[in-house]
Structures are given as structure tokens and as C-alpha cells.
Amino acid sequence: MTSATETVRDTSRSRAYVFATIRLAAVILVVVSIVATFLDTASRATINPFNFFGYFTMQSNIITAVVLFLAALAGFMGRPQTPLLMFARACATTYIVIVGIVYNLLLAGMEGGITLEWANWVLHVAFPIYCALDWVLFSDRTALAWKRLWVVLIYPVVWTIVVIIRGATDGWVPYPFLDPATGYGSVALYAVVIFIAAIIVGAIVFALSRVRIIKA
């Protein structure tokens, strides 16, 4: 006769498999979108990898896909996520949500960027929305310490500095609002906005780590 404890354990394991399967499907879709975008771009021009992968969109999608893959792997193996992986998920979720916000508020409809409409939709809209829902709904995480919130700024700050240096040296910038040619005052303003957005979105992500909706 199955005990109540075994029933709860089986239910928890089943939910973990469901979480893992959904995450793996999302990761595969992102990988296919990035590969398709790379091949489409390569069919029309010679690709500079530093430019192609220099976009915040590409890097954030890759970072988040890797983190979700590791979370899915832990789920399939029946192992709990480590505190480091949960923290990485929080940071990655922050970055990919910012991708969705910035694109849809500032960049949607502008020339350039990803020419494959379906891939563009996946990387800028679908995946950010999915990752936000994943973090909100799937409660296989513990509450994150507020004292570590500042860590979410490390990647955006480093990325912005690299972009500004590249814009001032070889002239390449991923987004027009970070082009030094528009004036460093303007670039600094947008950089500050990005950093503030990272802290605000990160704070929301950290706060939501205390919410339990669908328990693993």
C-alpha cells in the first residue's frame, strides 16, 4: 500500500519532470532560432562572430538557455537545483526580461537586427515571456538573499563598457542608442537607464522567489 509520503514524493518527481520537459523544449526552440539566424545572416554576408554574438539579445538568450538546460537536467536526474543554479536562474531571468522590455519599447520596427521574423519573435518576445512565467509559476527555487541583488548588475555593466569601447575604437555598436557618435552624454543616460532597469527587474525577480504557485 502506497504511503502518503511516497505519493507526495511521486507527485513532486512528476512535476519536476514536467518542469524539465517544458524547459528543454524552450531551450531547443531558442537554439534552433539562434542557429537559423546565424545561417540566414551567413547566407547574405560574411559574419563577424564578435558582432553577431555581441548583441545583448544573443548573449542573454544564450545565457538563459544554458541555465534553463542545467535546471532541466537537474529535474530529469531527480536532483534539487543548487543555490548557485537558482541564483543564476534569477540573473538570467532578469536579463532576458530586459531584452523583451527594451526591444518592444525601443527597437521594435526599426531597421536591422534579426531578419527572420519567427526567430526574432522567439528571441525577443516568446522566450522572455516564457522565462518570466517559468520563474513566477514554477516554484522549484528558494528565497534569494537581498544582499546579493547587486550581482545582477555585473553583466550589464561589463557588456555596456565593452560596447562603448568598441564603438569608440572600431565603430561597431549593437544598438543605435549606445553609439558614441550620438554623444557620450546620451550614451551615459541610456546606460544608466539600463542599469536601473536591471536593478528594478532583478528586485522583482528576487521578490518573486518568495512566491509559491506551482510547487515542485
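Let me begin with R23, which is buried (under 20% relative accessible area, with exposed meaning over 50% and partly exposed in between, for a 1.4 Å probe and protein chains only) and has a relative accessible area of 1%. Please keep in mind that this is a predicted model, in which local features need pLDDT of at least 70 and side-chain atom pairs count only at pLDDT 80 or more, while totals for chains, interfaces and linings use all residues. Residues are numbered from 1 along each chain as its sequence is written, and side-chain values use heavy atoms, with hydrogens and water left out.

The structure holds 6 salt bridges, the term meaning a side-chain nitrogen of Lys or Arg within 4 Å of a carboxyl oxygen of Asp or Glu. In one of them the side chain of R23 meets that of D134, at 2.8 Å from N to O. Because R23 lies in helix α1 (residues 4-42) and D134 in helix α5 (residues 117-137), this pair ties together parts that are 111 residues apart in sequence; helices here are DSSP runs of H or I with at least four residues, strands are runs of E with at least two, and both are numbered from the N terminus. D134, like R23, is buried.

R23 also forms a salt bridge with D140, at 2.7 Å from N to O. D140 sits in the loop between α5 and α6 (154-169), so its pairing with R23 in helix α1 ties together parts 117 residues apart in sequence. D140 counts as buried at 15% relative accessibility. R23, D134 and D140 are joined by R89 in a network of salt bridges.

Finally, D170 and R166 form a salt bridge whose closest N and O atoms are 3.0 Å apart; D170 is partly exposed at 46% relative accessible area, whereas R166 counts as buried at 16%.
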